[in-house]
Amino acid sequence: MTAQTDPLVPELARKLVDTLGLDLVPETVDPAAPLFGAGLGIDSIDLLELVVLIEKDYGVKIDNRAAGVEAFASLNALAAFIRQRRPASPV
Amino acid sequence: MSARPPVYVTGMGVICAGANHVGELRDLLAHPVAHFHPPTVLPIKHPSGELPVAQAALIEAGEAAGLPRTHRLALMAAREAVGAGPLPDAIVLGSTTGGIAATESALEVGITSPEAFRCHGLDTVALHLAKAFGVRGPVITISTACSSAAVALSVAAALLRAGLAWRVLAGGADSLSRLTFHGFRQLQLVAANGCMPLDANRAGMTVGEGAGFLVLETAPDERPVLAVLAGTGLSCDAYHVTRPHPEGKGAVLAMRRALADAGLEPRAIGYVNLHGTGTPDNDAAEARAMKQVFSDAQPALSSTKGLTGHALAAAGGIEAVISILALRDGLLPANTGLETLDASLGISPVRAPTQAPLSAVLSNSFGFGGNNACVIFEKAPPSPSPHPSPRYAGREDPRATTGEVPPGSGLPALRIAASACLTARGGLDETWNALLSRESTAGLVPDAAFSKAAPATFVRRLKRLPRLMLALAQTVQTASGWTTPPETIAVGTAWGPLAETQEFLRKLFESGDQFSSPMDFIGSVHNAPAGQIALLLGSQAPNLTCSAGERSFSQALLCGSLHIASGAGSALVVAAEAFEPRLSPLFEPEVAGTPLVSDGGAAFFLVPDDGAPGARLRWLGEGGNDGAVALVDRLAGVIPHHDAVVVGIPAGHTLAKDPAYARLSQLLPPATIVTYRDQLGQHASVGATAAAIAVRAVAEGRLPFPDVPIALPHRRLLLLEFGPRLTAIEVFA
């Protein structure tokens, strides 16, 4: 990642908070922190919800455990994961 | 062995992928070849529709034409189980799908005629069976996801042992539906190449369908005995909404409870039919549980879901039939689908059908919400005792004198340690005061009345019904003064979590069957709120959800009472409905047509009658067909001891045509018959709210409706709910 914030990151933060009903302000989610097993209180069902969201909104599949580990390492990692695989990405 | 009456299996029927009756299932077990193909009964709009399923080859029965698929599967297997034998006087059916497959098709094309949704409710499956067999006693529907049928067998055994029925048809039925097919797919639990239980490369389940039923009785005299239902055990993981406890904690509890119930040591079990769905988590947790229960002396074991697929609520019924065939014929079924055993599991399944003499077998069924059930069958004795069961020893065969109506008075009254309700006015105090002021409490429960019951993080994914239920459960747990969680949780809901169902299907249809919400799928199962209650209260106790229209509350109370009668120290009984703007008017047009739509419900923390002061609640009976009039007649003797009869008459129910109401009117002066739904509103679980008001009324000595408060000198009220079948409970202080 560049030092500049990827615009996908705040977009994902907003979707994360909305979809999972988290009691958080999206801007306060640390883009470098792990999404799973850390302070957000996100569990495996939330991750499956995100898997569907990411396929629906960005056309990117996360259909195995290794991909999940990579994608959900952090918001930054998720944004990078989507950019690398997005079909006809309007970068 | 205990002195209680044995429960004999005298009939069985089955349908599943590859087998249309018991004989074909027996052949399939001997020559196991899985029948997994893409579905032909579900519309395929997306490549995911090519995933294999285990579809049954349903033979169209004339009487079932036009009914949803679950109903037809149920009728086919039930007809085989009953055969030409004597008819059952009670039904306990496990189902999660009901008429959802027909509902999906109608919703997708925008049909708005309620006629298209008449068979949506889970209750309609059992009601069709009740009609087919003229069943007079309780007709119960259990919905605990994939353990439904096994839980139904447990409830059936308890009914028989309590003397509340003579002959019970019990089992489960579920059809393929888009809700379950896409729901499990979105949870990444469906194997692309078919279910491979215990395999190192297992990748999930194969969604299936079917039905499996047993006829159970305590005093068989007309049909040969196939096996003995020796014991059952229920538990709840109280760990996670879908994932099993990693160490199989709940599964261990269920197996140990079933062994204790059967009076058997683990070494007596010769074969275990695993739940064995083929998902990585289930098989790992179940293997750990097996090692804890059976340690070094593992019995022969296998999962048959690689053969039949996972028929969800029907699985426990189909596998009960498989277990009985194994016992009868000394046949160990193979773990079909297994190629490379996952050595890390540390258990070793039967690889090919094997002959071995068996005297006792155990069958596991686990479900969403951590709902676990385990049943144990023993070989039939060479010649089962033809004399009446010990409960009736020394008495004339009660069937001769009562005309097949069981006594129904066998259940003890329970002390109410706490009660609560939710109405448009708020909680119990607000509701009571409104009624005293002659104000209606109809309407929807305001959010403020239930939104603060559980921590925000706990409820963030939950919609209206689970939140209502959690608030009710938390209120009575706190007010009861009990610091330990309830030893049984029994929930009633006619319609289940409708908002979740609606949202799941809306998203699915909008995306051309491509996407929906895994959360909404998990939340849509009828037992999801009960699982949430177990999580909130930390209760690993038996956890049951009953879904039978207006009778849902009565049946939850019955289940709670049966568990207390067999030793549980407490029971939490909750019943509630949540109005959903799109689906409720389609499913319940008469109710939605009332001036003010209503929802809410009530909860009770119940304990054995220990003599302490306070009100009591007692389940008195359920009757249908001519059993409803018989129930009124049976109550005729006790009615004079009640100050009033409080009756619930659902909108759309024609009293003029109800023979049970006609009989009640003959027995009683009109002033003592009090209706409550004009005051409390119309919804399927409002009978629970009426019971909570009745509890307050007997304590205070006055009933706040209908027009002028009625004095209650005897402090005793009889509550009757009318509808397709009649239920009766009493409240007294």
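1. In chain B, helix 7, strand 7 (271–273), strand 8 (300–302) and strand 11 (360–367) are the elements against which the buried residues of helix 8 pack. Those buried residues are Asn282(B), Asp283(B), Ala285(B), Glu286(B), Ala287(B), Arg288(B), Ala289(B), Met290(B) and Val293(B). Buried means 20 or more other C-beta atoms within 10 Å of the residue's own; exposed means 12 or fewer, and partly exposed lies in between, with C-beta atoms placed from the backbone. Helices (H or I, at least four residues) and strands (E, at least two) are DSSP runs, numbered from the N terminus.

2. This is a predicted model, in which local features need pLDDT of at least 70 and side-chain atom pairs count only at pLDDT 80 or more, while totals for chains, interfaces and linings use all residues. Residues are numbered from 1 along each chain as its sequence is written, and chains are lettered from A and ligands numbered from 1 in the order in which they are written.

3. On confidence, the model has an ipTM of 0.88 and a pTM of 0.95. Chain B averages a pLDDT (the predictor's confidence in each residue, from 0 to 100) of 92, and 95% of its residues reach 70 or more. Residues 387–408 of chain B are the stretch to flag: pLDDT stays under 50 there, and the model has 34 contacts beyond four places in sequence for them. Two residues are in contact if their C-beta atoms, placed from the backbone, lie within 7 Å. Where pLDDT is low, the predicted coordinates should not be read in detail.

4. As to overall form, chain B holds 24 helices and 24 strands. Its radius of gyration, taken over C-alpha atoms, is 24 Å, close to the 27 Å that the globule rule gives for 733 residues, so chain B is as compact as a globular protein of that length. The rule is 2.2 Å times the number of residues to the power 0.38. Along the principal axes, the C-alpha atoms of chain B fill a box of roughly 75 × 65 × 55 Å. Of its 733 residues, 65% count as buried. Among contacts in chain B between residues at least 6 apart in sequence, 81% join residues at least 24 apart.

5. Chain B is assigned two segments: domain 1 covers 7–382 and domain 2 covers 414–732, with bounds from an automatic or database domain assignment. Over C-alpha atoms, the centres of these two domains of chain B are 29 Å apart.

6. The 15 residues of helix 8 (280–294) should span 21 Å at 1.5 Å a residue, and its end C-alpha atoms are 21 Å apart, which agrees. The expected span is 1.5 Å times one less than the number of residues. Helix 10 of chain B is mostly covered, with 13 of its 15 residues buried. Just after helix 8 of chain B, Ser295(B) has a positive phi of about 40°; after helix 10 of chain B comes Gly330(B), with a positive phi near 60°.

7. Ala449(B) sits in the loop between helix 12 (428–436) and helix 13 of chain B. Ala449(B) is partly exposed, with 19 other C-beta atoms within 10 Å. Leaving out residues up to four places away in sequence, Ala449(B) touches Leu422(B), Gly426(B) and Gly427(B).

8. Between the chains, 16 residues of chain B contact eleven residues of chain A. Helix 13 (456–459) and helix 16 (518–524) of chain B are the elements giving two or more residues to the chain B side. Helix 16 of chain B gives the largest share, three residues. That side has seven nonpolar, six polar and three charged residues.

9. Chain A has four helices and zero strands. With 91 residues, a compact globule would have a radius of gyration near 12 Å, and chain A has 12 Å, which agrees. The C-alpha atoms of chain A fill a box of roughly 35 × 30 × 20 Å along the principal axes. Of its 91 residues, 29% count as buried.

Key
Ala, Val, Leu, Ile, Met, Phe, Trp, Tyr, Cys and Pro count as nonpolar, Asp, Glu, Lys and Arg as charged, and the others, Gly among them, as polar.
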